[in-house]
Structure formats: C-alpha cells, structure tokens
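Hello,

Here is the structure I promised to hand over. Please look through it first, then read the notes below.

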Amino acid sequence: MSEKQKLELYIHIPFCASKCRYCDFLSGESTPEAQRAYINQLIEEIRAQGQILPEYQLSSIFIGGGTPSILSGLQIQNIISAVYENFVVEADAEISIECNPGTLDATKLEYYREAGINRLSLGLQSADDEELKLLGRIHSYNDFLHSYELARAAHFDNINIDLMSGIPHQTLHKWRQSLKKVLRLHPEHISAYSLIIEPGTPFAALYGSEEGQKALPGEDEEREMYAETKTLLEEYGFTRYEISNYARPGKECRHNIGYWTGVDYLGVGLGASSKLKHHRFHSEERLDRYMAVEMHRDLMPLYQDLVALTVADEMEEFMYLGLRMTKGVSGADFYDLFHLNMFDLFGDAIRKNTALGLLEVDTPMLRLTERGIDLSNRVFADFYEVLPRNQALFPDDPRNLF
Ligand SMILES: C[S@@+](CC[C@H](N)C(=O)[O-])C[C@H]1O[C@@H](n2cnc3c(N)ncnc32)[C@H](O)[C@@H]1O
Ligand SMILES: C[S@@+](CC[C@H](N)C(=O)[O-])C[C@H]1O[C@@H](n2cnc3c(N)ncnc32)[C@H](O)[C@@H]1O
Ligand code: SF4
C-alpha cells in the first residue's frame with residue numbers, strides 16, 4: 001500500500017457569545033438551534049471531504065473560531081468522531097481547540113480529553129480587567145484563572161495562551177504586568193500578537209483616524225514591548241520560534257508550523273481556508289449559502305476564489321511564510337522540493353536585505369535578523385511576485401499552463 005500524504009485539518013466554529021470590538025474574524029452570535037444545524041452540516045462536509053481525499057492522513061486537527069468552547073462537550077466530541085470515521089488520523093496527531101475563558105467547565109474538558117484533544121489554546125488577550133473591558137471581552141482575569149485551573153485539573157499538559165500588545169492606552173509597564181502574571185502560571189506556549197485595527201470594526205471607528213491613533217502605543221513603544229516580550233519569555237524558558245509565537249522546547253504548535261512550511265491543509269466549515277493539491281481556496285462565507293450546499297452531491301458550490309498555484313507561487317510562499325520562523329528557511333529543503341538553488345533564484349532579494357541587515361545567511365539557512373523581524377513585512381514584500389511566471393524557468397511543470 002502506498003504511503004499516505006500528510007494533511008492538516010482546520011475546523012471552523014463561527015459562533016461567539018458576543019463580538020469583541022477589534023475582531024473581524026468570521027464569527028457572530030447565534031441560537032442553540034442554529035448551532036445544532038451548523039454542526040450537522042459540518043459533519044456532512046467532513047464525511048464528503050473524507051471520501052474525496054482518501055490519499056491523505058491527518059497529522060493535526062485544529063478546531064478554531066469563533067469560540068469552539070461555546071458548544072457542548074458532546075457536540076465537540078461528535079465533530080471529532082466524524083473526523084475519525086472519515087479520515088485516517090496519525091496516532092500522535094496534535095489536536096487543538098480554541099477556548100474562551102469563562103466558557104469552560106469540567107464536563108466540557110472531560111469530553112475534550114475523551115475525544116483525543118491534546119492541546120488547548122486559551123484566548124486571554126490581557127491580564128488587566130480594564131483592558132479586557134475595553135476590548136469587549138466577556139471575561140475577567142479571574143474567569144481566565146478559573147478556566148486555566150480547570151484545564152490543569154483535567155490533566156491538559158499543552159496549553160497556549162493568546163495575548164495582544166498594542167491595546168489602546170497600554171503602556172510598556174502594563175504589558176509587562178500581563179506577561180508576568182501569565183508566566184507565573186507556566187503555560188507551555190504563548191502567542192503574543194500586536195493588535196491590528198481592522199477596517200469595519202468598532203475599533204476602526206474609534207482608533208482608525210489620525211486623532212484616534214493617539215490612544216495607541218507608538219511605533220517605538222510597540223518595538224519596546226516586542227523586545228521586552230522576548231527577553232522576559234526567554235528568562236522563563238521560552239524560545240521565540242516564529243514572529244509572534246513562543247514555546248517551551250518541544251511544545252511548538254505543529255499545526256501552525258505546517259502553515260508556514262507548505263504542508264497541505266483542508267479547512268472545513270464556514271469561510272475556512274485550504275491549500276491542497278497545489279490550489280488555494282476558501283469555503284463559502286455566508287452562513288445561509290454554506291447551509292444550502294448539498295455536501296453529498298457536489299462540493300464545488302462550497303469553494304470560493306479557487307486559484308491554482310504555479311511553481312513560482314509555491315517557491316515564493318516557501319520563502320515569505322518560512323521566513324516567519326526564527327530558524328529561517330533551508331536552501332537544502334528548497335533544493336529537495338524544487339531542484340533549484342534558492343540563493344540564486346532569490347539572489348536580488350537576499351543581497352538587498354542582507355546588505356540592509358534584515359536577513360542573515362548561515363548556510364544552508366537564511367533567516368530574519370532581530371531588526372528584520374521588526375520590519376518583516378518589508379522583507380516579505382521582496383519575495384512576493386518577483387519570479388517570472390513563464391515556461392522558460394520550469395519547462396516541465398504542467399502547472400505553468402495556469
Ligand atoms: C480569531 S481568535 C479565536 C479564539 C477565541 N475566540 C478568542 O478570541 O480567544 C484567535 C486570536 O486572534 C487574535 N486576534 C483576533 N483579532 C485580532 C486583531 N484585530 N489583532 C490582533 N490579533 C487578533 C486574538 O489573540 C485571538 O486569541
Ligand atoms: C490567530 S490563530 C491563533 C492560534 C493560537 N495562537 C495557537 O497557538 O493555537 C487561530 C485563528 O486563525 C484562524 N485560522 C487558522 N487556520 C485557519 C484556516 N485554515 N481557515 C480559516 N481560519 C483559520 C481562526 O480564526 C483561528 O481562530
Ligand atoms: S471571542 Fe475571539 S473570535 Fe469571537 S469575537 Fe472575540 S476575538 Fe473574535
């Protein structure tokens with residue numbers, strides 16, 4: 001029997017208790033009936049996808065949202081059972097679920113464990129109650145502590161905590177206080193994101209204008225927060241392995257590493273993104289239309305913005321996604337995948353950014369410098385749509401026809 005290919009599965013749960021004021025992810029309030037109907041449709045989709053992708057086996061499953069922990073433990077278990085019934089799942093697969101503080105209880109956690117979930121991601125965002133209120137979160141720091149203790153009591157030994165810096169009126173001191181409170185709990189993983197003011201959110205109306213921006217920490221302060229995060233977390237035994245992600249040894253998130261290293265992934269549920277068989281697409285984003293897809297008949301109505309990736313697209317992705325990781329990208333891995341020399345192919349971008357002190361070469365690795373991490377978007381832009389898209393470069397690849 002031929003060996004199965006590696007696939008990661010993302011499962012989207014688009015429900016939240018209430019909408020946070022900064023968030024533009026695909027999620028909203030709903031009724032228990034709507035949630036039940038959605039889960040039935042999601043399970044139909046999982047069945048249908050399992051049937052058309054028999055050549056794959058799952059190395060990770062990530063249940064994200066929205067707020068997956070708003071569902072009952074049994075509902076989550078039913079979703080995961082459907083995955084096991086329709087896909088081959090590797091024995092040591094990483095199975096994560098995102099949980100919001102204040103929505104967990106011991107029973108839900110018991111169901112999660114029984115279902116095989118082995119990693120929890122808790123969205124704390126801030127350990128300061130004033131900041132939580134300003135963000136529009138439903139929980140207090142004490143609610144979070146309670147959820148965290150329940151998770152430990154249920155023997156979860158791989159817990160991530162999401163935090164956000166750059167919150168309006170946040171100072172370096174306050175950020176440090178949040179980090180320290182969290183570090184005292186000894187989680188295995190911390191994601192520290194910078195708040196992005198997303199168009200169309202209440203935060204965009206409040207803080208998007210020139211006047212509003214004055215409430216946000218300035219660029220220098222943000223950079224200081226960033227530097228402080230690394231210093232403090234390293235003191236506590238964490239390593240930064242990606243621009244926003246820190247882990248204790250061996251606790252890096254395998255699912256997210258897959259996104260940055262070009263592993264195929266399938267997203268199921270409303271608006272989920274996929275990269276599969278040299279194509280990129282995402283699922284229908286409108287709930288009524290998602291619910292109307294006849295999963296057992298034809299999945300095509302589900303797929304939006306389907307694009308075929310050329311070899312050049314995949315080479316560029318290898319660079320600008322791989323460079324997000326602090327260890328960088330390997331010229332040897334590039335050669336194994338594409339049979340070309342990464343340092344020649346991207347010579348201009350590499351020379352320019354090494355001269356600027358933003359990239360460093362440590363053969364066979366190429367990685368961002370500390371300064372390069374601060375200015376990563378500038379570096380990534382030099383690897384985006386720079387290769388020629390013609391037959392001459394890759395004469396044998398059938399994907400050039402696209
Ligand atoms: C989409 S949420 C889902 C998890 C869960 N509902 C929660 O909020 O805790 C995943 C993470 O994205 C981050 N996030 C959401 N909106 C963001 C924004 N505008 N800027 C930066 N990070 C954001 C938060 O840290 C959040 O924990
Ligand atoms: C911002 S990340 C947070 C991960 C977290 N820090 C951790 O270590 O587990 C997770 C969010 O990204 C989004 N996401 C991840 N994979 C996705 C996919 N394939 N399609 C759509 N959204 C996705 C979801 O909104 C999910 O809540
Ligand atoms: S709980 Fe998470 S997904 Fe829901 S609105 Fe808030 S940040 Fe967005």
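**What was found**

By class, the shell around ligand 3 has four nonpolar, six polar and one charged residues. Here Ala, Val, Leu, Ile, Met, Phe, Trp, Tyr, Cys and Pro count as nonpolar, Asp, Glu, Lys and Arg as charged, and the others, Gly among them, as polar. The shell itself is C16, K19, C20, C23, F25, S27, G65, G66, T67, N100 and G123. A residue belongs to a shell if its C-beta atom, placed from the backbone, lies within 6 Å of the molecule.

This is a predicted model: local features need pLDDT of at least 70, side-chain atom pairs count only at pLDDT 80 or more, and totals for chains, interfaces and linings use all residues. Residues are numbered from 1 along each chain as its sequence is written, while chains are lettered from A and ligands numbered from 1 in the order in which they are written.

On confidence: pLDDT is the predictor's confidence in each residue, from 0 to 100. The protein chain has a mean pLDDT of 94, and 96% of its residues reach 70 or more. For the complex, the predictor gives an ipTM of 0.99 and a pTM of 0.96.

Ligand 1 is surrounded by 17 residues, and the closest are F25, G123, D162, Y193 and I196. Its shell has seven nonpolar, seven polar and three charged residues. Strands (E, at least two residues) and helices (H or I, at least four) are DSSP runs, numbered from the N terminus.

Ligand 2 also has 17 residues around it; Y10, G64, S121, S191 and G267 are the closest. The classes here are five nonpolar, 10 polar and two charged.

Next, helix α1, residues 32–52. Its 21 residues should span 30 Å at 1.5 Å a residue, and its end C-alpha atoms are 31 Å apart, which agrees. The expected span is 1.5 Å times one less than the number of residues. Among its buried residues are Y38, L42 and I46. Buried means 20 or more other C-beta atoms within 10 Å of the residue's own, exposed 12 or fewer, and partly exposed in between, with C-beta atoms placed from the backbone.

Last, E198, in the loop between β6 (189–194) and α7 (202–207). E198 is partly exposed because 13 other C-beta atoms lie within 10 Å. E198 and C23 are 175 residues apart in sequence, yet 7.2 Å apart in space, C-alpha to C-alpha.

Best wishes
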